[in-house]
Amino acid sequence: MLMKRYSEISVLLLLLFLTAGYSQEKASPAYQENYNKVMQRTQWWRDARFGMFIHFGAYAVPARGEWVKSNERLTTEQYQKYVDAFYPADFDAKKWAKIAKAAGMKYAVLTAKHHDGFCMFDSKLTDYKISTRFDGRDIVREFLDAFRAEGLKVGLYYSLIDWHHPDYPNVGNHPQRGDKEYAKRSFNWDNYLKYMHGQVEELVRDYGRIDIMWFDYSFDEYQGEKWKAKELVAMVRKYQPWIIIDNRLTINEGTRTSGRIVTEYGDFETPEQGIPDEGLKDRYGNPIPWETCLTLNNNWGYHEFDKNWKSPEVIIHSLVNCVSKNGNLLLNVGPDARGNIPDESVRILAEVGKWMQKNGESIYGCGASTLTRPEWGRFTQKGNILYAHWMYPHIGAINIKGAGDKVSGVYMLSTGAELPAEKSWWGNSEAGNFFVNVNSPVYMTFPLPDLTDTVIKIVLK
C-alpha cells in the first residue's frame, strides 16, 4: 500500500511538472517576430472594429443565395441564364458607401469573385465577368473609388475555389460533385493555380491600395500549399506591403478560443455566423486578431424570400460583444439583381448608425477590459476609459465590481451628464464595489435612456 502511495505521488509530481512546463511555453523568436508584424499591420483594423461585407454577383438573379449553383447542382450551362440576365442598372457604389459610413462602419469588403467564378472586375484572364455584360463597367473599381472617397478602408473577397473554371475539379461542394462522368474530364491543377494567382495579382497590382484581402475558403486537403499559399501571400505583399489577409488559406477553426497559432498565411481569424465565448488567443497566451462575419438575414447573397432580419438591437449587441473580446464585426449586405441594398438592410443599418453616432467612442479603438463580464451587459475599454454597456434588464444600480477606488468620474456617454455613484448600496459594502445608477430613486432603473444599450463612461485614475 505504501509503495502504491509513493507511485501515485510520483505520477502527480510528474503531471505537475509537465503542466508547469507547458504553461511556461515560449514562442520562438521567428514566431514572435511574425506575430509582432501581424499586430502592427492590423492596428488600424483593430481600431476600426466595424465593417461592411458585400456579397454581390449573378446569383442575385435567381435570388436564392450565393450557393444556389451548388445547392441545386446546376451545370454551368444551366447557370448561364442568370449570368446573361444580370444587369444591375441601379448600381451606385457612392450610395452604398454613404450607407456604410452612416452606419458607423470604417471599412468594407466586396466579393470580387465568388465560388461561381463570375468576376465582378475587368479581369484580362477571362470573359466570364461583369464588364462584358455591363457596358464595360468595372464593379470592383467603382466600389473602391466610392468607398475610398468616403474615407473608408477597402478590401476584396476572392474565392479560392471556382465552380466555372474547366481545370477546377468537382471536389468539395462543387455543383457536379459525385458526377462520375464529369470526374472523367482532364483537370490541370497547375493551370488553375496559374489562373487563380493571376487574377489575385490583377487585383493587388491594378486597383490602387487595397487594405484587406479576404480569401475563401479551404477544406480537406485543399489548403495551405495546395493553393501555393506562400507564393500567393508573397506576391500579394510585393504589391501591397501593408495589406492584411484573412486566415482562410488554411482551414478556418470557427469559434474555438485557444491553442491557435498565427501563421504567415494570414493576419486574422474569421469566425462565421458566431461569436467566440472569449477572445481568441494563441497557445502562448497572445491575443489573436479576429473578426466575426455575420449576415443581416440568413443569407450572404440576395434571397428574395428570406425575411429573417436581425434587429438593430441584435446587431449592436453583437458588435459590442465582439469588441468586448478584442474582436471586429463584419456585417453583410446582399444587394439585389438591380444593385440595390434591400430596404430592410438600409433601415437596420440606419438605426445602428444612430446608436453609433452617440456611442461610437465605446467601439472605435476599444477592446477587452480586465474586469469580469457582468450579467447586465459588457465592458469595453480604451486606455484609462472604461465603458459599461448596460444591455440587459437589471433591478437596482449596476455594480462595476472591481473599479472601487480607481474611479475619478462617471458620465452618460451619449450626453456627457455626470451620473450618481456610490461604493455601497443596501448594506453591500464589499471591497471593490462601485454602484452606478441612471435614474432616481436608485431602485427605479427603467426605462433606461437607451433601451438597446446605455453606455456609461467611467474615467479611471
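Which residue's side chain does the side chain of Glu181 meet in a polar contact? The answer is in the second legend below; every view is taken from a predicted model.

**Figure 1. Overview of the predicted chain.** The model is predicted, and its protein chain contains 12 helices and 14 strands. The radius of gyration is 25 Å, close to the 23 Å that the globule rule gives for 461 residues, so the chain is as compact as a globular protein of that length. The C-alpha trace spans about 75 × 70 × 40 Å along its principal axes. Of the 461 residues, 54% are buried. Among contacts with a separation of 6 or more, 69% are between residues 24 or more positions apart.

**Figure 2. Glu181 and its polar contact with Lys184.** Glu181 sits in helix 8, which covers residues 180–183. The side chains of Glu181 and Lys184 are joined by a polar contact of 3.0 Å. Glu181 is exposed, and its relative accessible area is 56%.

**Figure 3. The salt bridge between Arg237 and Asp267.** Side chains of opposite charge can pair when their charged atoms come close. Here Arg237 and Asp267 form a salt bridge with an N to O distance of 2.9 Å. Arg237 belongs to helix 10 (residues 229–239) and Asp267 to the loop between strand 5 (244–245) and strand 6 (290–295), so the pair ties together parts that are 30 residues apart in sequence. Salt bridges with shared partners join Arg41, Arg237 and Asp267 into one network. The whole structure holds 26 salt bridges.

**Figure 4. The salt bridge between Glu351 and Lys354 within helix 12.** The closest N and O atoms of Glu351 and Lys354 are 3.2 Å apart in this salt bridge. The two residues lie three residues apart in helix 12 (residues 343–359), so about one helical turn separates them. Glu351 is partly exposed at 33% relative accessibility, whereas Lys354 is exposed at 51%.

**Figure 5. The salt bridge between Lys401 and Glu430.** In this salt bridge the closest N and O atoms are 3.0 Å apart. The pair links distant parts of the chain, 29 residues apart. Lys401 is in the loop between strand 10 (398–399) and strand 11 (407–412), and Glu430 is in the loop between strand 12 (421–422) and strand 13 (435–436). Lys401 is partly exposed, with a relative accessible area of 36%.

Figure 6. A disulfide is a covalent bond between the sulfur atoms of two cysteines. The search of the whole structure finds zero disulfides. For Cys293, the closest cysteine sulfur is in Cys322, at 10 Å, which is too far for a bond. Cys293 is buried, with a relative accessible area of 0%. For Cys366, which is in no disulfide, the nearest cysteine sulfur is also that of Cys322, 14 Å away. Cys366 is buried, with a relative accessible area of 2%.

**Figure 7. Surroundings of Ser362.** Ser362 lies in the loop between helix 12 and strand 8 (377–382). Ser362 is buried, at 0% relative accessibility. A polar atom of the Ser362 side chain is 2.7 Å from the backbone oxygen of Asn359. Leaving out residues up to four places away in sequence, Ser362 touches Val323, Trp355, Thr380, Tyr387, His389, Leu413 and Val455.

**Figure 8. The nonpolar cores and the contacts of Phe215.** In soluble globular proteins, nonpolar side chains tend to be buried together. The largest nonpolar core in this model has 102 residues. Val140, Phe147, Phe215 and Trp227 are the residues with the most contacts inside that core. Helix 9 (residues 189–206) supplies the largest share of this core, eight residues. A second, separate core has 20 residues, among them Trp376, Ala403, Leu419 and Val438.

How values were computed: Residues numbered from 1 in each chain as written. Predicted model: local features only at pLDDT ≥ 70, side-chain atom pairs only at ≥ 80, totals over all residues. Heavy atoms only, no water. Salt bridge = Lys/Arg side-chain N within 4 Å of Asp/Glu carboxyl O. Helix = DSSP H or I, 4+ residues; strand = E, 2+ residues; numbered from the N terminus. Buried < 20%, exposed > 50% of the residue type's maximum accessible area, 1.4 Å probe, protein only. Polar contact = N/O pair within 3.5 Å; in protein donor to acceptor, adjacent residues only side chain to side chain. Disulfide = S-S within 2.5 Å. Contact = heavy atoms within 4.5 Å. Core = buried A, V, L, I, M, F, W, Y, C linked by side-chain atoms within 4.5 Å. Rg over C-alpha atoms; globule rule 2.2 N^0.38 Å.
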